[in-house]
Amino acid sequence: MVCIVWPLQGTRSCSSRFITWNKLYPRQGFEFKRCLAGETAFSNRFLTYYQMQRYQDALADVNRLIQFDPTDASAHHDKGVTLSILARKQDALLAYTEAIRLAPQNGGYSISIAKLNKDLGNRKQAYEDAIRAQQLGYNVDPGFIQSVQ
C-alpha cells in the first residue's frame, strides 16, 4: 500500500481511485490520500509524475494501469493527455478513441479528442467531436466550436 501527500492548492482533481480522508495530515495545507489497492499505487504515482511534469514516467505508470484494467476509460484518457503533451499526437488520438469507446457518454473525453483533432488540422472531426461533447452535456466553449467550423 502506498500513501502520498498532495498539496491542496493547485492540485489536479483526483479520480475515484482514491478515498479522501477529511483531515489534514500532518500539516495544515496538505490533504491525505489513502490508496485502495495495488493498481492505485500506479495511479498515485502517475498523478505525482504528471504534476512534476515527468511525463515519460507518468506514461509508464498509466500503461501499467491499463495492464491492470484495460477497461479503465479514465486511464486511457490520461494516457492520451500524457501522449499529447509528449507530442505523440497520433498515439494520443488512439488512446482518446479507446477512452471514448469504453465510456461513450463522457463528454469530457469527446472534447479532449476534439481539441487534439483541431491541433492535427482535422477541423471537421474536431467540430463533430465538440458537438458530441455538447450533446452529452459538456459545456463547450462556443469560441472553440466557431474555430473549427
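A: Leaving out residues up to four places away in sequence, H76 touches I66, P70, A95, E98, A99 and L102, where contact means heavy atoms within 4.5 Å. H76 is found in helix α3; helices are DSSP runs of H or I with at least four residues, strands are runs of E with at least two, and both are numbered from the N terminus. With a relative accessibility of 9%, H76 counts as buried. Here buried stands for under 20% relative accessible area, exposed for over 50%, and partly exposed for what lies in between, with a 1.4 Å probe and protein chains only.

The model is a predicted one, in which local features need pLDDT of at least 70 and side-chain atom pairs count only at pLDDT 80 or more, whereas totals for chains, interfaces and linings use all residues. Residues are numbered from 1 along each chain as its sequence is written, and side-chain values use heavy atoms, with hydrogens and water left out.

G80 also belongs to helix α3, which covers residues 73-85. Its relative accessibility is 0%, so G80 counts as buried. Apart from neighbours within four places in sequence, G80 is in contact with A92, A95 and Y96. The C-alpha atom of G80 is separated by 6.7 Å from that of L93, a residue 13 places away along the chain.

The packing of α3 against α4 comes next. Helix α4 spans residues 89-102, and its axis comes within 8 Å of that of α3, the two crossing at roughly 160°. Such axes are lines fitted to C-alpha atoms, for helices over the stretch in contact, and the angles run from 0 to 180 degrees between N-to-C directions. α3 and α4 are therefore roughly antiparallel to each other; angles over 145 degrees are given that term, those under 35 count as roughly parallel, 65 to 115 as roughly perpendicular and the rest as oblique. The crossing of α3 and α4 is left-handed, a term used if the near helix is turned anticlockwise from the far one by less than a right angle, with right-handed used if it is turned clockwise. On the α3 side the contact is made by A73, H76, H77, K79, G80, V81, L83 and S84, and on the α4 side by K89, D91, A92, A95, Y96, E98, A99 and L102. By class, this contact of α3 with α4 has eight nonpolar, four polar and four charged residues. In this scheme Ala, Val, Leu, Ile, Met, Phe, Trp, Tyr, Cys and Pro are nonpolar, Asp, Glu, Lys and Arg are charged, and the others, Gly among them, are polar.

Between α3 and α4 lies a loop that contains A87. Most residues other than glycine have a negative phi. A87, although not a glycine, has a positive phi of about 65°. At 57% relative accessibility, A87 counts as exposed.

Helix α3 has a further partner in α5. The axis of α5, residues 107-119, comes within 11 Å of that of α3 and crosses it at roughly 20°. α3 and α5 are therefore roughly parallel to each other, and their crossing is left-handed. A73, S74, H77 and S84 of α3 meet G108, Y109, S112 and L116 of α5 in this contact. The residues of the contact of α3 with α5 divide into three nonpolar, five polar and no charged.

Within α5 itself is N117, which is buried, with a relative accessible area of 3%. Not counting residues up to four places away in sequence, N117 touches L93, N122, R123, Q125, A126 and D129.

Another loop joins α1 (38-51) to α2 (55-68), and Q53 has its place there. Phi of Q53 is near 60°, a positive value in a residue other than glycine. Q53 is exposed, with a relative accessible area of 56%.

As for the chain as a whole, its secondary structure comes to seven helices and three strands. From the N terminus on, the elements run β-β-β-α-α-α-α-α-α-α. Of the 149 residues in the chain, buried ones make up 38%. Among contacts between residues at least 6 apart in sequence, 47% join residues at least 24 apart.
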